[in-house]
Amino acid sequence: MSKILTIGAHGGIGRLFCRKAAEAGLPIRAMVRSEEQRSYFEAQGVEVVLGDLEADFSQAFEGCDQVVFTAGSGGATGGDKTLLVDLYGAIRSIRGSEERGVVHFVMVSALRVESPLEAPPAMRHYMVAKLLADQRLLESGLRSTILRPGRLTDDAGSGRVRTEIEGEGFGISRSNVADCIVEALRHPSGSNRVVDLLDGNVPIAEVFASR
Ligand SMILES: NC(=O)c1ccc[n+]([C@@H]2O[C@H](COP(=O)([O-])OP(=O)(O)OC[C@H]3O[C@@H](n4cnc5c(N)ncnc54)[C@H](OP(=O)(O)O)[C@@H]3O)[C@@H](O)[C@H]2O)c1
């Protein structure tokens, strides 16, 4: 059975997603950076591959027909890592997917990347990196789902989201984003789709069944 490569699997969203996907019976391959990260996944029957976005990770794509990108350099590193991981790592993941015959790519992007200059100054380079990665994906031959969550929280998942910015709050739980990735994989649409995501009132399954 073809696998779903998850890049950034050991992150906050990545770990939740891999556990939920394994429970749902999806065939996941988790890409992590170190041996010590292996046990969390293997305990759930999730296959692990070692790979670093700043090195050659082409072997990770072998036998995969879908890719989830939820890696990120995080706020504790500098602009150099934003370029190398969030931008160039994402572009190399898209290119590797094209070369290996992947059919569907799920990108965890960010809300409002379309307008980097409207973001707080310290966030603008990150928004540019995410925007350019999204654009590269939309220009690829891959079918894509681009998820654009608002500010991530570690709140318990509600199983309900909204896809319009209007409404209360700019946050979404990592758990809800992880559920959205599972549903996006279950319902890969025939065309590219870009979905803003915030906590809300619409059952997640409904959002992806209808797009
Ligand atoms: N924070 C927010 O409010 C926010 C809002 C919207 C969108 N996002 C996006 O949401 C996504 C996931 O967020 P999160 O909170 O789950 O992130 P996270 O917990 O920081 O996880 C990011 C993962 O990326 C991995 N990573 C970093 N550099 C890598 C490299 N060179 N090679 C391979 N993997 C690498 C990390 O590996 P290690 O575990 O080894 O460090 C980590 O597992 C990111 O794309 C982020 O940009 C975040």
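**Ligand shell, sheet and helix packing**

Helix 1 contributes three residues to the shell around the ligand, the largest share. The model described here is predicted. In total, 23 residues surround the ligand, and the closest are Gly11, Gly12, Leu53, Ala71 and Gly72. At least two shell residues each are supplied by helix 1 (12-23), helix 3 and strand 7 (151-153). The shell comprises eight nonpolar, 10 polar and five charged residues.

Nine strands form an open sheet with mixed pairing, in the order 3-2-1-4-5-6-10-8-11. Strand 3 (47-50) and strand 11 (202-203) are the edge strands, each pairing on one side only. Strand 8 (residues 160-162) and strand 10 (residues 193-199) run antiparallel and are joined by two bridges; Val161 stands opposite Asp199 in strand 10.

Helix 3 packs on this sheet, where it touches strand 1 (3-7), strand 4 (64-69) and strand 5 (104-108), and its direction makes about 170 degrees with that of strand 4. Helix 5 (residues 174-186) also packs on the sheet, touching strand 1, strand 4, strand 5, strand 6 (143-149), strand 8 and strand 10. The direction of helix 5 makes about 165 degrees with that of strand 6.

The axes of helix 3 (residues 79-99) and helix 4 (residues 124-139) come within 9 Å and cross at roughly 10 degrees. Helix 3 is therefore roughly parallel to helix 4. Residues making the contact include Leu83, Leu87 and Ile91 of helix 3 and Ala129, Leu132 and Ala133 of helix 4. By class, this contact has 10 nonpolar, three polar and three charged residues.

Terms used: Residues are numbered from 1 along each chain as its sequence is written. This is a predicted model: local features need pLDDT of at least 70, side-chain atom pairs count only at pLDDT 80 or more; totals for chains, interfaces and linings use all residues. Axes are lines fitted to C-alpha atoms, for helices over the stretch in contact, and angles run from 0 to 180 degrees between N-to-C directions. Helices (H or I, at least four residues) and strands (E, at least two) are DSSP runs, numbered from the N terminus. Angles under 35 degrees count as roughly parallel, over 145 as roughly antiparallel, 65 to 115 as roughly perpendicular and the rest as oblique. Two residues are in contact if their C-beta atoms, placed from the backbone, lie within 7 Å. Ala, Val, Leu, Ile, Met, Phe, Trp, Tyr, Cys and Pro count as nonpolar, Asp, Glu, Lys and Arg as charged, and the others, Gly among them, as polar. A residue is near a molecule or strand if its C-beta atom, placed from the backbone, lies within 6 Å of it. Two strands pair if DSSP finds at least two bridges between them.
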